[in-house]
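Me: I would like to learn how to read pockets, strand pairing and aromatic pairs from a set of coordinates. Please take one feature at a time, with the general idea before the case.

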Amino acid sequence: MRLDKWLWAARFFKTRGLACEAIGASRVRVNGVVVKPAKEVKEGDLLQIRAAEQLWEVVVQGLCEQRRPAVEAQGLYQETEAGREARLRQQELKKLAPEPLAEQRGRPTKRDRRRLESFRSG
């Protein structure tokens, strides 16, 4: 089964196009090697996937040609213990020290500007 199709079916990416882009940008490795989207994946392969600012390290447990519900998709892989610990640690660090202004998009609103001015003035 193609790697991009498996990533889509396992719900790591919403579309196969996004999976192809991630593979092309070297954010997906199979057994430690950067590969192309057409790489054949088989059971037992170790995948390292960087998706949505998270690093997943999973072992392929099954193959499925169709995109199924999330509960069934989770049966296609098993996350490694080291990968799970690292991912959870990264999530905790992000909660404790969020990026400044990470949620802000575009220009601040009038309300945001007033809050900033009141904060600066004391």
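Predicted model: local features only at pLDDT ≥ 70, side-chain atom pairs only at ≥ 80, totals over all residues.

Me: Which element gives the largest share of the lining of the largest pocket?
Reply: Helix α4 does, with seven residues. The largest pocket has a volume of about 260 Å³. Its lining has 14 residues, and those closest to the centre are E53, Q54, L55, Q90 and Q91. Both β4 (54-60) and α4 (81-96) contribute at least two residues to this lining.

Me: How do the residues of that lining divide into nonpolar, polar and charged?
Reply: Six are charged, four are polar and four are nonpolar.

Me: What lines the second largest pocket?
Reply: The second largest pocket, with a volume of about 190 Å³, has a lining that includes A10, R11, F12, F13, W56 and Y77. At least two residues each come from β4 and α3 (70-73). By class, this lining has nine nonpolar residues, two polar and one charged.

Me: Next, the strands. What is the general idea for side chains in a strand?
Reply: In a regular strand, side chains alternate between the two faces of the sheet. Pairing is a separate matter: two strands pair if DSSP finds at least two bridges between them.

Me: Which strands pair with β4 here?
Reply: Strand β3 (residues 46-51) pairs with β4 in the antiparallel sense over six bridges. Within that pairing, L46 stands opposite V59 in β4. Strand β5 (residues 77-79) is also antiparallel to β4, joined by three bridges. There, V60 stands opposite Y77 in β5.

Me: How many residues lie between the strands in the hairpin of β3 and β4?
Reply: Two, and A52 in this hairpin takes a positive phi near 55 degrees. E53 lies in the loop between β3 and β4, and its phi is near 60 degrees, a positive value in a residue other than glycine.

Me: Is E53 buried or exposed?
Reply: The cut-off for exposed is over 50% relative accessible area. E53 has 57%, so E53 is exposed.

Me: Where else is there a residue other than glycine with positive phi?
Reply: N31 is one, with phi near 55 degrees. N31 is placed in the loop between β1 (28-30) and β2 (33-34). With a relative accessible area of 45%, N31 is partly exposed.

Me: Why does R87 count as buried?
Reply: Buried means under 20% relative accessible area. R87 is at 12% relative accessibility, so R87 counts as buried. R87 is found in helix α4. Once neighbours within four places in sequence are left aside, R87 is in contact with Q54, L55, W56 and E79.

Me: Last, the rings. What describes a pair of aromatic rings?
Reply: The distance of the centres and the angle of the planes describe the pair. Planes over 60 degrees apart count as edge-to-face, those under 30 as stacked, and the rest as tilted.

Me: How many aromatic pairs does the count come to here?
Reply: Four aromatic pairs. In one of them, F12 and W56 have ring centres 5.5 Å apart and planes at 75 degrees, so the pair is edge-to-face. This pair links distant parts of the chain, 44 residues apart: F12 is in the loop between α1 (3-9) and α2 (16-24), and W56 is in strand β4. F12 is buried, at a relative accessible area of 11%, and W56 is buried at 16%.

Me: What kind of pair do F12 and Y77 form?
Reply: A tilted one, 4.9 Å centre to centre with 45 degrees between the planes. This pair also links distant parts of the chain, with Y77 in strand β5, 65 residues apart from F12. Y77 is buried, with a relative accessible area of 15%.

Me: Which residues do ring pairs link into a cluster?
Reply: The cluster consists of W6, F12, W56 and Y77.

Note on methods: Residues numbered from 1 in each chain as written. Heavy atoms only, no water. 1 Å grid on protein atoms, 1.4 Å probe; cavity = no way out; pocket = protein on both sides within 12 Å on 5 of 7 lines; lining within 4 Å. Points joined across faces, edges and corners; volume = space filled by probe spheres on them. Helix = DSSP H or I, 4+ residues; strand = E, 2+ residues; numbered from the N terminus. Nonpolar A, V, L, I, M, F, W, Y, C, P; charged D, E, K, R; others polar. Buried < 20%, exposed > 50% of the residue type's maximum accessible area, 1.4 Å probe, protein only. Contact = heavy atoms within 4.5 Å. Phe/Tyr/Trp six-rings, centres within 6.5 Å; stacked < 30°, edge-to-face > 60°.
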